[in-house]
Amino acid sequence: SLSSAAPISTGNPSQPSTTLSSPLPTSVSGMTLQAGRCTVSPGQNAMVPVTLLNGQGVANMNFELTYNTGVARAAGKVTKGSLIGKSLLEANPNEAGVVRIGFTHNQDIAGTGAVAQIPFTATGQAGTRTPLHLTVTTISGAAGGKPAIGTIDGEIVIAAGSSGTTP
């Protein structure tokens, strides 16, 4: 069976709360970077996790997440995920359609968990969707090795519903 990630709330009292459940794949072999999936109403905010599955032998990683700006836009500060708590994280969400993220640590990271949380605002009309396409541009271990990594794209779906304003 699929196990769900912890629900994530927008934390913005002026917007309806969004709960995001991003099931982990059951048959991932090897290290994989996965973008979250969520369904939101037009104008609503969502926090989308990027999760490292089966992490091993990685101390530094740079990756990009691309998306359709007609459906969603990155809106706010990208925050560090729990898996990389002591790592340095740099993120640039300021270019339309792409979020660039990098983290570095002085030792290899192991395990499964979030590496980043990316805030988005739904800008599209109900029924539209955008893939959240991941590309790993650089990866290395503390000893200099270059481990193999796969990716699983996420998605933001704009559902019919409220306009995103508080009643």
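Q: Quick one to start: is Arg-37 buried, partly exposed or exposed?
A: Arg-37 counts as partly exposed, at 40% relative accessibility. On that scale, buried means under 20% relative accessible area, exposed over 50% and partly exposed in between, with a 1.4 Å probe and protein chains only.

Q: What should I know about the model and the numbering?
A: This is a predicted model, where local features need pLDDT of at least 70, side-chain atom pairs count only at pLDDT 80 or more, and totals for chains, interfaces and linings use all residues. Residues are numbered from 1 along each chain as its sequence is written, and side-chain values use heavy atoms, with hydrogens and water left out.

Q: OK, salt bridges. How many turn up in the whole structure?
A: Four. To count, a side-chain nitrogen of Lys or Arg has to be within 4 Å of a carboxyl oxygen of Asp or Glu.

Q: Which residue forms one with Arg-37?
A: Glu-155 does, and the closest N and O atoms are 3.5 Å apart. Glu-155 lies in strand E10 (residues 154–158) and Arg-37 in strand E2 (residues 37–40), so the pair ties together parts 118 residues apart in sequence. Strands here are DSSP runs of at least two residues, numbered from the N terminus.

Q: And Glu-155, buried or exposed?
A: Buried, with a relative accessible area of 19%.

Q: What does Arg-100 pair with?
A: One partner is Glu-64, at 3.1 Å from N to O. That pair links distant parts of the chain, with Arg-100 in strand E7 and Glu-64 in strand E3, 36 residues apart. Glu-95 also forms a salt bridge with Arg-100, its closest N and O atoms being 2.6 Å apart.

Q: How accessible are those three?
A: Arg-100 is partly exposed at 33% relative accessibility, Glu-64 at 23% and Glu-95 at 42%.

Q: Which residues do shared partners join into one network?
A: Arg-37, Arg-129 and Glu-155, through their salt bridges.

Q: Switching topic: how many aromatic pairs are there?
A: A search of the whole structure finds one. The rings of Tyr-67 and Phe-120 have their centres 5.1 Å apart and their planes at 85 degrees, so the pair is edge-to-face. The rule is that rings of Phe, Tyr and Trp (its six-membered ring) pair if their centres lie within 6.5 Å; planes under 30 degrees apart are stacked, over 60 edge-to-face and the rest tilted.

Q: Where do those two sit?
A: Tyr-67 is in the loop between strand E3 (45–66) and strand E4 (72–74), and Phe-120 is in strand E7 (residues 98–122), so the pair ties together parts 53 residues apart in sequence. Both Tyr-67 and Phe-120 are buried.

Technical notes
Helix = DSSP H or I, 4+ residues; strand = E, 2+ residues; numbered from the N terminus.
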